[in-house]
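Open the structure in your viewer and keep the sequence beside it. The stops below say what to select next and what is there.

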There are 2 protein chains.
Amino acid sequence: MKLATYKDGSRDGQLLVVSRDLSQAHYATGIAQRMQQVLDDWNFLAPQLEDLYATLNQGKARHAFPFDVTQCMAPLPRAFQYASALGGANHLDLLYPELTGLEAPLLYQGYGHLQGASDKALFADDGATAISDTDPGIDFEAGLAVITGDVPAGAPPEQALDGVRLLTLTNGWTLRQRLAEERARGLGFVQAKPAVAFSPVAVTPDELGESWTGGRAHLTLQTTWNGRTVGLCDAGDAMELSFGQLIAGLGATRRVRVGSIVASGALSNRAVEADGRWDWPKGYGCIAEKRAMETRLDGQPATAYLKFGDRLRIEMKGRDGLSVFGAIEQQVAPRAA
Amino acid sequence: MKLATYKDGSRDGQLLVVSRDLSQAHYATGIAQRMQQVLDDWNFLAPQLEDLYATLNQGKARHAFPFDVTQCMAPLPRAFQYASALGGANHLDLLYPELTGLEAPLLYQGYGHLQGASDKALFADDGATAISDTDPGIDFEAGLAVITGDVPAGAPPEQALDGVRLLTLTNGWTLRQRLAEERARGLGFVQAKPAVAFSPVAVTPDELGESWTGGRAHLTLQTTWNGRTVGLCDAGDAMELSFGQLIAGLGATRRVRVGSIVASGALSNRAVEADGRWDWPKGYGCIAEKRAMETRLDGQPATAYLKFGDRLRIEMKGRDGLSVFGAIEQQVAPRAA
C-alpha cells in the first residue's frame with residue numbers, strides 16, 4: 001500500500017492512503033491520524049489501511065479526492081531516529097576511497113525533522129551562518145530509505161530486513177564545504193546536513209514486486225537537475241550493502257526502534273571502461289560525485305554546485321512505468337526572513 | 001516545575017508533575033498525556049502544569065501519590081533529535097587535544113530513544129556483536145542536557161538559550177573501543193553510543209534559581225561508582241560553551257525544532273597545579289578521563305572500564321541540599337536474551 005501525510009497545520013500532519021497510480025487519496029482518519037501511530041501499532045492498523053487501499057484502488061472509496069503532492073509533508077514528518085549510509089559503492093569509490101573495503105557499514109546519524117517532497121530547500125543566509133549560493137557547495141544526494149518497525153539489538157541482516165515497514169525516496173541536502181570541515185573533526189555531520197527531503201509517498205515493499213529483492217530496490221532512480229537528466233541509476237546495483245545489513249549495523253549495540261529511518265545515502269553506478277577510458281554512463285547521484293569523475297578524467301572539476309533557483313527532481317518508476325513514490329521536486333532557496 | 005514520565009506500557013509513557021522535594025507526584029492527565037505534547041503546545045499547557053505543581057507543593061493536590069523513581073522512563077522517552085557536545089573543556093583537554101581551540105561547537109548527533117534513570121544499562125552480548133565486559137571499554141559520561149522548544153535557523157546564542165524549556169541529567173553510555181574505531185572513520189558515533197540515560201525528573205530552568213546563569217548550571221554534579229565518589233564537578237565551570245552556544249551551533253543551517261535534546265557530554269573540571277604536579281581534585285566525568293589523567297601522571301592507565309554488575313549514580317543537588325533531578329542509578333548488565 002501507499003501512504004502519505006498531508007499538511008494540516010499540525011506538526012505531524014494527517015495520514016492519507018494513496019491509490020497505486022497516485023491519482024486518488026483518502027484520509028485514514030477512521031483508522032489512524034498520524035504515521036507514527038500506524039508504525040507503533042502496525043500489526044493491528046496496517047491491515048485496516050490495506051483494506052482501505054484496496055477499496056480506493058477499485059474506485060469504491062466513498063470520500064476519495066484527487067491526490068495533490070504539493071500538500072504533502074514527509075510521509076513521517078518527525079522521526080525518532082534518522083541514520084544514513086555514507087553512500088553507495090560508487091559514492092565511496094569516488095569520494096571516500098580511504099573508507100572502502102571496510103566490513104562495518106559506514107553509517108552516520110542525522111536529523112529526525114524531515115522535509116516534504118515539494119518544500120523549498122531552505123538554507124540559512126544571515127549573520128554568522130551566512131550561506132551564499134556559491135560559497136558552501138550546496139548539493140543534493142538522491143537515494144532511498146526504509147522506515148522500520150522494532151528490531152532487536154544484535155539482529156542479523158535477514159532478521160533486520162524483516163523489520164522494514166515502508167520505503168521512500170530521499171534527497172539528502174548537503175553543504176560540501178561544511179562537510180569537509182566536519183569530516184576533518186571526525187564527529188559526523190551536523191551543520192553540513194540540513195533536513196532531508198522525502199518523496200510524497202511511502203510504500204510497503206510488496207509495491208515493488210520482484211524488484212524488491214535481497215534488501216535492495218532494483219529499479220531506476222531518475223534524477224533531473226533544471227530539467228536535464230543527470231542520473232539514471234540502478235538503485236539495487238548501487239548499494240553494496242543491503243538495507244538488512246544497514247539496519248543490522250545500526251542495531252549492533254542497541255535496539256532499532258519503531259519509526260527509525262535508515263537511508264542509503266547517494267546512489268549511483270560504478271564506472272565502466274570503454275575505449276581505454278573510464279565512464280559513468282548512468283550518471284551521478286550528487287554533484288560531488290560528478291566533480292570527482294571530472295577530476296579523475298581531466299584533473300579538475302568543471303561542474304559547479306547548486307545555485308539558488310535551481311530545481312531538482314528525483315523519481316523512481318516501477319516496471320509498469322508508474323511512479324512508485326511520486327517525485328521529490330524541490331527548488332533551492334535562501335532561508336525565508 | 002518538575003516533570004517526569006511514568007511507565008504505563010506505552011512507548012511514550014504517562015506525564016507526571018513531581019513536587020519540588022521529589023516526594024509526591026500527580027498525573028497530568030487532565031492537562032496532557034505525554035511530554036512531547038506539552039513541548040509542542042508549551043505556552044498553553046505549561047502554565048496549567050505550573051498551577052498543578054504549585055498545588056502539589058502546597059500539599060493540596062487531591063490525587064497526589066508518593067513519587068517512585070523506579071517507575072520512571074526518561075522524561076522524554078522518544079526524542080526527535082538528540083545531539084551532544086563532545087564533552088566539557090577538561091574532557092577535550094584530556095581526550096581530544098587535537099580538537100581544542102576550535103571556535104565551532106564540537107557536536108555529534110545521537111539517538112532519540114532514551115533510557116530511564118533506573119533502567120539497567122544493557123549491552124548486546126551475542127554473535128557478531130559480542131560485548132563482553134572487559135573487551136569494549138564500557139564507560140559512563142555524566143553530564144547535563146536541555147530539552148528545547150522551536151529555535152529558528154541561524155539564531156544567535158542568546159536567542160537560542162531562550163529556547164530552553166527543561167533541564168535534565170544524562171549518562172551517555174559509551175563503548176570506548178568502538179568509539180576509537182568510529183572516530184577513525186570520521187562519521188560520528190553509532191555503535192559506540194547505546195541509548196543515553198536520563199534523570200527521573202526534568203525541571204524548568206527557574207528551579208535552579210541563581211545557579212542557572214550564562215546558559216550553564218553552576219551546581220555540583222556528583223558521580224559515584226560502586227558507592228565511591230569519583231566526580232564532584234562544578235557543572236558550570238566545566239562547560240566551555242554555554243547551552244545557548246551549543247543550540248546555536250546545532251541550528252546554524254537548520255531549525256532546531258521542539259523536543260530537541262542538546263547535551264553537554266561528559267563534564268569534569270580542569271586540572272590544577274599543586275606542588276609541581278597536576279591534579280584533578282574534583283574527579284572525573286568518565287573513566288576515559290581518569291585513564292588519561294593516569295597516563296599523563298604515570299605514563300599508563302590504571303583504572304579498568306566498567307564490569308557487568310557495576311553501579312553508577314549521578315545526581316545534582318541545589319544550594320538547599322535537595323536533589324534537583326533525582327538520581328540516575330544504573331547497573332551495567334549484558335543484554336537480556
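**Whole complex**

This is a predicted model, so begin by colouring it by confidence. The predictor gives the complex an ipTM of 0.92 and a pTM of 0.95. Select chain A: its mean pLDDT is 92, and 95% of its residues reach 70 or more. Now select residues 125–130 of chain A, where the pLDDT is below 50. Leaving aside near neighbours in sequence, that stretch has 12 contacts in the model.

**Two copies**

Show both chains. The same surface serves both copies, and 100% of the contact residues of chain A recur in chain B.

**The interface**

Select the residues of each chain that touch the other chain. Chain A gives 49 residues to the contact, and chain B gives 49 residues. About 4,500 Å² is buried between chain A and chain B, with carbon and sulfur atoms giving 54% of that area. Pick out Phe80(A), Leu187(A) and Thr253(A): they supply 19% of the area that chain A buries against chain B, more than any other three residues.

Turn next to the polar side of the interface. Between chain A and chain B there are 20 residue pairs in polar contact, counting pairs with both residues at pLDDT 80 or more. To see which elements of chain A take part in touching chain B, select helix 1 (35–40), strand 6 (107–109), helix 5 (176–185) and helix 7 (243–250) of chain A; these are the elements that give two or more residues to that side.

**Salt bridges across the interface**

Six salt bridges are found across the interface of chain A and chain B. For one of them, select Arg11(A) and Asp150(B), whose side chains meet with N to O at 2.9 Å.

**Salt bridges within a chain**

Over all chains, the structure holds 32 salt bridges. Select Lys193(A) and Glu141(A), a pair whose side chains meet in a salt bridge at 3.4 Å, N to O. The pair links distant parts of the chain, 52 residues apart. Lys193(A) is in the loop between helix 5 and strand 12 (197–198) of chain A, and Glu141(A) is in the loop between strand 8 (138–139) and strand 9 (142–148) of chain A. Are these two residues buried or exposed? Lys193(A) counts as buried at 8% relative accessibility, and Glu141(A) is buried at 4%.

Move to chain B and select Arg270(B) with Glu240(B). They form a salt bridge, and their closest N and O atoms are 3.7 Å apart. Arg270(B) lies in the loop between strand 18 (260–263) and strand 19 (272–274) of chain B, and Glu240(B) in the loop between helix 6 (235–238) and helix 7 (243–250) of chain B, so the pair ties together parts that are 30 residues apart in sequence. Arg270(B) is partly exposed at 42% relative accessibility, and Glu240(B) is partly exposed at 48%.

Another pair in chain B is Arg277(B) and Asp298(B), which form a salt bridge with the closest N and O atoms 3.7 Å apart. This pair links strand 20 (residues 277–279), which holds Arg277(B), to helix 8 (residues 287–298), which holds Asp298(B); the two residues are 21 residues apart. Arg277(B) counts as partly exposed at 44% relative accessibility, whereas Asp298(B) counts as exposed at 52%.

To close this part, select Arg11(A), Asp12(A), Arg78(A), Asp40(B) and Asp150(B) together. Salt bridges that share partners join these residues into one network.

**Helix 7 of chain B**

Select helix 7 of chain B. Seven of its eight residues are buried, so the helix is largely enclosed by the rest of the structure. The buried residues are Phe243(B), Gly244(B), Leu246(B), Ile247(B), Ala248(B), Gly249(B) and Leu250(B). What caps the N-terminal end of helix 7 of chain B? Ser242(B) does, with a side-chain oxygen 3.3 Å from the backbone nitrogen of Gly244(B).

**Last stop: a buried serine**

Select Ser19(B), which is found in the loop between strand 2 (14–18) and strand 3 (24–27) of chain B. Ser19(B) is buried, with a relative accessible area of 3%. Not counting residues up to four places away in sequence, Ser19(B) touches Lys2(B), Gln24(B), Tyr53(B), Leu56(B) and Asn57(B).

Key: Residues numbered from 1 in each chain as written. Chains lettered and ligands numbered in written order. Heavy atoms only, no water. Contact = heavy atoms within 4.5 Å. pLDDT = per-residue confidence, 0-100. Helix = DSSP H or I, 4+ residues; strand = E, 2+ residues; numbered from the N terminus. Buried < 20%, exposed > 50% of the residue type's maximum accessible area, 1.4 Å probe, protein only. Buried area = accessible area lost by both parts, 1.4 Å probe. Salt bridge = Lys/Arg side-chain N within 4 Å of Asp/Glu carboxyl O. Polar contact = N/O pair within 3.5 Å; in protein donor to acceptor, adjacent residues only side chain to side chain.
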